[in-house]
Amino acid sequence: MRFGLPATEGLQAGGPLRAFFGIALLSVLMLTLLRTVGLRAFSMASETYMSGTHSAAFVTCPNEQVAKDLARGIVEKKLAACVNIVPKITSVYEWQGKIQEDSEVLLMIKTRSSKVASLAEYVRSNHPYEVAEVISLPIEQGNPPYLKWLGDVVPE
């Protein structure tokens, strides 16, 4: 017995109080979690993005130095917000009637779609290949804050 009550009555009497404090604690924890998730969802939902506004362009280079030089020039001239350099890819292609296989470096370039023509011109003017690869694909979707940053860095 506890405080003069049988054991089962003591548990029942403390049950509602324990439940109240348990629910209050759970509510505080859930409120914090829901607030964080809600703010992120609102941030993502409030950003508007028109599909195809930005593009990912790809350029192959003969070596890392050419890749770094091109990447730096592209970003400095605001032709792209970011250029990733992917080392050591193998390219198999036909050139002048023969199958070729070369080790190359790949540039993954994130830019505005409206800048692709200027980007291609810059690459053609600064690339050692006779025919430089410059291809692009429109970005259909992405992380809204990243796409906003891309648009902020690369002017129209």
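I take contact to mean heavy atoms within 4.5 Å. Helices (H or I, at least four residues) and strands (E, at least two) are DSSP runs, numbered from the N terminus.

**Entry 1: ground rules.** I am looking at a predicted model, in which local features need pLDDT of at least 70, side-chain atom pairs count only at pLDDT 80 or more, and totals for chains, interfaces and linings use all residues. Residues are numbered from 1 along each chain as its sequence is written, and side-chain values use heavy atoms, with hydrogens and water left out.

**Entry 2: overview.** I counted the elements and found 4 helices and 4 strands. Along the sequence I read the pattern α-β-α-β-β-α-β-α. I then looked up burial, where buried means under 20% relative accessible area, exposed over 50%, and partly exposed in between (1.4 Å probe, protein chains only). Of the 156 residues, 27% count as buried. Among contacts with a separation of 6 or more, 73% join residues 24 or more positions apart.

**Entry 3: helix α2.** I turned to α2 (64-76). This helix has 13 residues and reaches 18 Å from its first C-alpha to its last, close to the 18 Å expected at 1.5 Å a residue. The expected span is 1.5 Å times one less than the number of residues. Which residues of α2 are buried? I noted Val66, Ala67, Leu70, Ala71, Gly73 and Ile74. The buried residues fall within an arc of 165 degrees seen down the axis of α2, so they line one face of the helix. The arc is taken from the directions from the helix axis to the C-beta atoms. On the face turned away from the buried side I found the exposed residues Arg72 and Glu76. What covers the buried residues of α2? The cover includes β1, β2 (82-95), β3 and α3.

**Entry 4: the two ends of α2.** At the N-terminal end I found a cap, Asparagine 63, with a side-chain oxygen 3.1 Å from the backbone nitrogen of glutamine 65. Just after α2, lysine 78 takes a positive phi of about 60 degrees. Lysine 78 is found in the loop between α2 and β2, and is partly exposed at a relative accessible area of 40%.

**Entry 5: another positive phi.** I also looked up glutamine 96, a residue other than glycine whose phi is positive, near 55 degrees. Glutamine 96 lies in the loop between β2 and β3. With a relative accessible area of 66%, glutamine 96 is exposed.

**Entry 6: the core.** I searched for nonpolar cores, meaning sets of buried Ala, Val, Leu, Ile, Met, Phe, Trp, Tyr and Cys residues joined through side-chain atoms within 4.5 Å. The largest has 18 residues, of which Cys61, Ile74, Val83, Leu107, Ile109 and Leu119 touch the most other members. Two or more residues each come from β1 (54-61), α2, β3 (98-112) and α3 (116-126). The largest share, 5 residues, comes from α2. I listed the contacts of leucine 107, leaving aside neighbours within four places in sequence, and they include Cys61, Ala67, Leu70, Ala71 and Val83.

**Entry 7: serine 55.** I found serine 55 in strand β1. Buried or exposed? Serine 55 is buried, with a relative accessible area of 4%. A polar contact of 2.7 Å joins the side chains of serine 55 and serine 113. For such a contact I need a pair of N or O atoms within 3.5 Å; within protein, one must be able to donate a hydrogen and the other to accept it, and residues adjacent in sequence count only if both atoms are side-chain atoms. Not counting residues up to four places away in sequence, serine 55 also touches others, among them Ile109, Val116 and Pro138.

**Entry 8: proline 87.** I placed proline 87 in strand β2. The C-alpha atoms of proline 87 and glutamate 104, 17 residues apart along the chain, are separated by 7.3 Å. Beyond neighbours within four places in sequence, proline 87 is in contact with Glu104 and Val105.

**Entry 9: aromatic rings.** I searched the whole structure and found 1 aromatic pair. Tyrosine 146 and tryptophan 149 form this pair, which is tilted, at 5.3 Å centre to centre and 45 degrees between the planes. Rings of Phe, Tyr and Trp (its six-membered ring) pair if their centres lie within 6.5 Å; planes under 30 degrees apart count as stacked, over 60 as edge-to-face and the rest as tilted. Being 3 residues apart in helix α4 (residues 144-153), tyrosine 146 and tryptophan 149 are separated by about one helical turn.
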